[in-house]
Amino acid sequence: MRAAGPVVRHAITRPPARNGNRPVLSILSLPVRSELDVIAVRQRARQIATLCGFATQDQARIATTISELARNVFDSASVGEVSFSISGPGTRQTLVVVVEDRVAESMRTTGAAQPAGEERAIGIVAARRFMDACDIKARSDGTAIVLHKHLPAQAACLSRTEIDGALERLDPLPSNVALSEAHHQNRELGDALAAIQLKQAELIDLSTRLEETNRNVESLNRRLMTADRRKDEFLSMLSHELRAPLSTVSMAGTLLERGPVAPDQTLKLAGMINRQVTHMTQLVEDLIDISRISRGLVSIDRRPIDLRDVVGAAVEQTMSAALKKNHHVEVSLPESGCLISGDRTRLVQVIVNLLGNAIRYTPDYGRVLVRVAASGANVNVKVSDNGMGIPAALIPNLFDLYVQAENTSERTSGLGLGLALVKSLVELHDGSVSAESPGTGCGSTFEVTFPAYVR
């Protein structure tokens with residue numbers, strides 16, 4: 001290895017040349033005769049990249065690429081030169097770097113000191129990856145590699161005067177250039193490590209958010225699948241609910257057509273038809289109400305209403321069904337008024353639904369209790385029965401639309417519209433509804449809470 005020559009502020013600058021119709025502004029040239037010259041090339045390349053306005057990452061890439069090519073020069077020919085220039089001026093200037101090697105006649109004849117293809121390829125691959133253009137030109141006395149890198153779009157256009165001024169201000173290379181480069185690369189590695197750690201933290205955060213999103217998507221998918229299954233079960237149950245009364249009405253109509261029919265039998269058939277029509281009418285009305293509420297089309301006529309009157313009207317409407325099953329219906333009302341702001345028709349519908357459920361799911365000779373009470377700023381209505389109760393697993397979703405279609409037990413037969421309708425109507429009145437049951441066969445209690453009316 002040859003000893004390094006004396007350290008200079010910068011190498012000899014070349015006079016302006018021309019590249020086609022575009023002038024070339026020479027910056028400086030550096031000899032390549034030793035390992036230390038290769039290191040000097042790297043440092044100068046970084047300084048010139050800074051002068052051209054390249055970002056820190058590009059500075060490191062340019063310096064690494066050029067130093068690898070300079071090392072190839074030293075390994076293959078031991079003599080060479082690296083020159084830097086600016087192609088321009090123009091709308092966007094270009095940094096031009098020429099890396100030349102000059103092989104002595106004796107080396108060209110014997111082929112000595114040629115680097116392995118793999119070693120030479122490292123610099124070429126880096127040049128083609130990080131530079132905008134890489135041209136290799138063979139000459140009789142060696143090889144010239146010409147690199148082009150467009151200056152950043154936001155970089156100012158450099159003039160001859162600005163380049164000369166920058167050269168005067170260029171930091172001189174230190175006497176121990178190798179140690180200086182080692183320190184610099186150590187800082188670059190530290191910066192790169194910090195950047196990697198930052199990216200790692202960002203990736204961990206991104207991974208956490210992606211996992212959370214994935215869990216949310218999976219949860220949403222499960223809910224969609226459940227909703228789709230409930231929809232299918234609901235449609236199946238709806239067809240069953242409609243088919244039964246329609247079959248009954250059809251049978252009664254056929255018997256009447258065959259006539260003559262005895263007067264008492266005619267009355268029975270007419271009553272059967274009326275009951276089934278009433279059932280289907282109620283079913284259709286519930287479906288319409290659910291549809292309108294889900295679309296926000298239901299409005300309520302708010303007025304001061306005494307819940308005692310609402311409960312009285314609801315008990316009157318359901319009493320015939322209770323008497324048919326020999327139920328004992330007990331109503332407990334406070335002496336003072338229990339005013340709330342609401343729509344009387346819709347409130348009666350809420351209590352009728354709850355009483356209807358209690359009567360339907362309580363065996364004959366059962367007991368149904370309705371209690372109204374004022375509690376602070378609220379008014380409560382409780383409907384309790386000693387019927388078949390509610391399974392604990394069903395209670396959390398009891399008021400969901402179509403949830404009853406999931407079950408085939410007697411307790412949960414039907415379309416499951418009633419309680420969903422109750423919940424929707426109660427919430428329209430700024431209230432809440434809940435259910436509790438000790439378990440199957442132990443009865444159940446439904447409680448509706450409304451804010452008390454304030455005059």
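Phenylalanine 399 is buried, with a relative accessible area of 11%, where buried denotes under 20% relative accessible area, exposed over 50% and partly exposed in between, for a 1.4 Å probe and protein chains only. The model is predicted, so that local features need pLDDT of at least 70 and side-chain atom pairs count only at pLDDT 80 or more, whereas totals for chains, interfaces and linings use all residues. Residues are numbered from 1 along each chain as its sequence is written, and side-chain values use heavy atoms, with hydrogens and water left out.

A search of the whole structure returns one aromatic pair. The ring centres of phenylalanine 399 and phenylalanine 446 are 6.1 Å apart and the ring planes stand at 85°, so the pair is edge-to-face; rings of Phe, Tyr and Trp (its six-membered ring) pair if their centres lie within 6.5 Å, and planes under 30 degrees apart count as stacked, over 60 as edge-to-face and the rest as tilted. The pair links distant parts of the chain, 47 residues apart, with phenylalanine 399 in the loop between β11 (378–385) and α10 (417–428) and phenylalanine 446 in strand β13 (residues 444–451). Phenylalanine 446 is likewise buried, at 3% relative accessibility.

Arginine 360 lies over the face of tyrosine 361, at 5.6 Å from the ring centre, the criterion being CZ of Arg or NZ of Lys within 6 Å of the ring centre and within 35 degrees of the ring normal.

Across the protein, buried residues make up 39% of the 455 residues. Of the contacts (heavy atoms within 4.5 Å) with a separation of 6 or more, 71% are accounted for by residues 24 or more positions apart.

Key
Helix = DSSP H or I, 4+ residues; strand = E, 2+ residues; numbered from the N terminus.
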